[in-house]
Amino acid sequence: MPTPARPLRKNPAPSLDESAAAGGLRSIDLALQGGGSHGAFTWGVLDALLEDGTLLFDGVSGTSAGAMNAAVMATGFAQGGALGARQAMSRFWQDVSGVPACFDAVGRTAAPGAPPRPEMPAWFYNRSAWPGYAAWEAWLRLWSPYELNPFNLDPLRDIVRRHVDIDAIRKGPIKVFVTATSVRTGQPRVFSGDDLSIEALMASACLPQSAQTVVIDGEPFWDGGFSGNPALWPLVYGTRSDDVLLIQINPREHAGIPRTAAEIDDRINEITFNASLVAEMRAIFFVQRLLRDRRIDPTHYKQMRLHRVADEDGLAPFGASSKLNTDPGLLTALFALGRTAAQKWLVTCAGKVGRESSLDIGEVFLANRVKGAKT
């Protein structure tokens with residue numbers, strides 16, 4: 001797998017646009033962010049896109065929960081097309097729903113199969129707002145996952161094994177790229193094709209504060225969000241589509257100044273898990289400008305068309321601590337937000353796929369990097 005040093009060198013394979021258009025479909029790649037339980041938002045987005053059926057997914061790059069969504073969707077699609085993918089993701093998230101220690105070492109707030117309760121306010125799902133949570137979190141930080149979980153019990157691994165078929169993914173039409181972070185070098189490692197495995201998915205979602213390090217071929221790995229959330233460059237090198245749709249669940253901006261320990265931790269989490277994405281967007285923006293000004297050879301570089309589905313206002317009330325919460329009510333609410341955001345994007349932006357970008361990188365990711373600076 002090439003390194004990200006030259007993130008926009010064009011793949012020599014021909015474009016999919018003409019063949020996709022001949023079948024009445026438009027080719028696109030997907031980039032799925034990680035974020036624990038907030039991956040249910042991405043589930044909602046993918047469900048709406050698959051239901052719409054006008055886009056042909058060429059490749060999907062995912063990290064952490066984004067990697068889980070990518071692998072489950074690709075498994076279902078390989079086995080039963082778009083409907084199979086929707087059903088596979090629904091089964092996966094129903095399995096995740098309410099399972100203790102699925103994304104963290106703390107238990108659930110509702111039992112699977114419990115009677116439905118009235119809709120709860122968003123703050124209810126933010127663990128940082130619970131009485132005694134700060135003391136509990138401080139106590140947990142005194143211990144490593146090797147001390148708290150010496151037998152390395154992991155219900156998420158069992159769930160992933162039930163819902164992901166690696167052989168089906170390898171034979172299926174959707175290319176899957178999963179990012180993890182090398183503990184030794186701090187660099188991203190992208191698993192795809194024959195390298196893809198259940199352990200690669202677990203490495204991509206391995207938060208070192210709550211899970212033991214995942215070792216693959218003697219190399220230790222942690223969560224891919226530290227180095228690529230999600231990694232975009234595999235889609236440049238590894239697919240033929242020129243369009244990439246980013247499904248973003250980590251907020252770019254935060255109103256006000258974090259003042260409590262929980263608020264500070266939440267904002268650090270958001271900034272850390274967006275940093276690599278912003279860096280890649282800056283590289284893409286730079287190459288796009290060089291191509292526009294005819295300063296580089298367009299036959300050697302991909303003129304990428306970028307798109308984005310997000311709902312920062314809708315997700316804002318759900319803090320970073322809610323990413324560890326698998327309450328069925330939370331997952332249902334996030335799924336609904338994702339479907340609504342995708343349906344809005346399909347109406348307002350999907351028509352640009354194959355023609356032009358619907359995402360202004362300079363405005364969304366770079367406009368505020370330096371006050372008064374030109375992008």
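1. A residue is called exposed when its relative accessible area is over 50%, and buried when that area is under 20%. The points below apply these cut-offs to a predicted model.

2. Asp-217 is situated in the loop between strand E5 (214-216) and E6. Its relative accessibility is 78%, so Asp-217 counts as exposed. Its phi is positive, about 50 degrees, although the residue is not a glycine. Most residues other than glycine have a negative phi.

3. Ser-64 is a further non-glycine residue with a positive phi, here about 55 degrees. The loop that holds Ser-64 runs between strand E2 (55-63) and helix H3 (65-96). Ser-64 counts as buried because its relative accessibility is 10%.

4. A cis peptide bond links Asn-229 to Pro-230, with omega near -5 degrees. Most peptide bonds are trans. Pro-230 belongs to the loop between strand E6 (219-223) and helix H9 (233-238).

5. Helix H12 comprises 21 residues, 328-348. From the first C-alpha to the last, H12 spans 31 Å, close to the 30 Å expected at 1.5 Å a residue. At the start of H12, the backbone nitrogen of Gly-329 has a side-chain oxygen of Asp-327 within 2.7 Å.

6. Which residues of H12 are buried? They are Leu-330, Leu-331, Leu-334, Phe-335, Gly-338, Arg-339, Ala-341, Ala-342, Trp-345 and Leu-346. In an α-helix there are 3.6 residues a turn, so residues three or four places apart point the same way.

Note on methods. Residues numbered from 1 in each chain as written. Predicted model: local features only at pLDDT ≥ 70, side-chain atom pairs only at ≥ 80, totals over all residues. Heavy atoms only, no water. Helix = DSSP H or I, 4+ residues; strand = E, 2+ residues; numbered from the N terminus. Expected span 1.5 Å × (residues − 1). Buried < 20%, exposed > 50% of the residue type's maximum accessible area, 1.4 Å probe, protein only. Polar contact = N/O pair within 3.5 Å; in protein donor to acceptor, adjacent residues only side chain to side chain.
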